[in-house]
Amino acid sequence: MISCCIFDLDGVIVDTARYHYLAWRELAAELGFELREDQAEAVKGVSRMASLDIVLRAGGMEGRFSDEVKMAFAMRKNERYREFISKMTPSEVLPGVEDFLRDLRANNIGIVLGSASKNTRAILEQCRIGLWFDAVADGTMIRHGKPDPEVFLKGAQMVKKDPAECVVFEDAAAGIEAARRGGMRSVGVGKSPLLEAASMRIESFEGFTFGELRRKLD
């Protein structure tokens, strides 16, 4: 039985992954190295400080900076990222997403956002999609980032749903693992080969329906 769908935000509902990449790339350039897109793939779905460690490792700079300096780097990156997302519009909601959310609503399925991002509510407001969600669990409410399942379990708790009845939609390996650890099934969204552990996969929400989800996972 599926009674609730929990959605990651970045790369699933809206394409903010490219803004994260641009902001991290600028920080890397300031530190004297180039951050490639394939290297930045690993930051998807993980916390800001864990992402910074990944970026520094890509530049061969892991372990060179104090926690205070690293915090300053992360804040600088986030300020740049917020500049990017402040210009987002509803047109940046990914194709098929709102049709799928409408289908879930018609079938009385709970709709929850579960994102490690602390900028979640700003993005929802910019893209005018906050009203779709029965609950929002984000990075301001949790202590542990993915692959810890805390954010998804928090979302399920907020709408009083059994984790076994929840399906998580994710574009990152860390999120797929978090769903598994939380006792939830998962749908990998996108073409990344890192999503192979998902319960099922879709390239996008275009043409995807709740009926198809139920047939595959129920």
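Leaving aside its neighbours within four places in sequence, which residues is E62 in contact with? They are L56 and R57, where contact means heavy atoms within 4.5 Å. A note for every panel: this is a predicted model, in which local features need pLDDT of at least 70 and side-chain atom pairs count only at pLDDT 80 or more, while totals for chains, interfaces and linings use all residues. Residues are numbered from 1 along each chain as its sequence is written, and side-chain values use heavy atoms, leaving out hydrogens and water.

**Close-up 1. E62, in the loop between α3 and α4.**
The loop with E62 runs between α3 (48–58) and α4 (67–85). Helices (H or I, at least four residues) and strands (E, at least two) are DSSP runs, numbered from the N terminus. The side chain of E62 makes a polar contact of 3.3 Å with the side chain of R57. For a polar contact, take a pair of N or O atoms within 3.5 Å; within protein, one must be able to donate a hydrogen and the other to accept it, and residues adjacent in sequence count only if both atoms are side-chain atoms. E62 has a relative accessible area of 48%, so it is partly exposed. The labels go like this: under 20% relative accessible area is buried, over 50% is exposed, and in between is partly exposed (1.4 Å probe, protein chains only). For scale, L52 is 10 residues from E62 in sequence, and their C-alpha atoms are 9.4 Å apart.

**Close-up 2. Where α3 meets α4.**
The axes of these two helices come within 10 Å and cross at roughly 100 degrees, so α3 and α4 are roughly perpendicular to each other. Axes here are lines fitted to C-alpha atoms, for helices over the stretch in contact, with angles from 0 to 180 degrees between N-to-C directions. Angles under 35 degrees count as roughly parallel, over 145 as roughly antiparallel, 65 to 115 as roughly perpendicular, and the rest as oblique. On the α3 side look for R48, M49, L52, D53 and L56, which meet K70, M71, F73, A74 and N78 of α4. By class, the contact of α3 with α4 has 6 nonpolar, 1 polar and 3 charged residues. In that count, Ala, Val, Leu, Ile, Met, Phe, Trp, Tyr, Cys and Pro are nonpolar, Asp, Glu, Lys and Arg are charged, and the others, Gly among them, are polar.

**Close-up 3. α1 packing on α4.**
Helix α1 (residues 17–30) packs with α4 at an angle of about 140 degrees, the axes being 9 Å apart. The two helices are therefore oblique to each other. Residues making this contact include Y19, L22, W24 and L27 of α1, along with F73, R76, Y81 and F84 of α4. By class, the contact of α1 with α4 has 9 nonpolar, 1 polar and 5 charged residues.

E92 has a relative accessible area of 16%, so it is buried. Polar contacts join its side chain to those of Y19, at 2.6 Å, and R18, at 3.0 Å. Not counting residues up to four places away in sequence, E92 touches I13, V14, D15, R18, Y19 and K87.

**Close-up 4. E170 in strand β4.**
Is E170 buried or exposed? At 0% relative accessibility, E170 counts as buried. The side chain of E170 makes a polar contact of 2.6 Å with the side chain of K146. A polar atom of the E170 side chain also lies 3.3 Å from the backbone nitrogen of A172. Among the residues that E170 touches, beyond four places in sequence, are D8, F152, V187 and L195.

Most residues other than glycine have a negative phi, and most peptide bonds are trans. The peptide bond from K146 to P147 is cis, with omega near 15 degrees. P147 is in the loop between β3 (135–137) and α7 (150–158). R128 has a positive phi, near 55 degrees, in the loop between α6 (120–127) and β3; with a relative accessible area of 68%, R128 is exposed. The phi of K160 is positive too, near 60 degrees. K160 is found in the loop between α7 and β4 (166–170) and, at 75% relative accessibility, counts as exposed.
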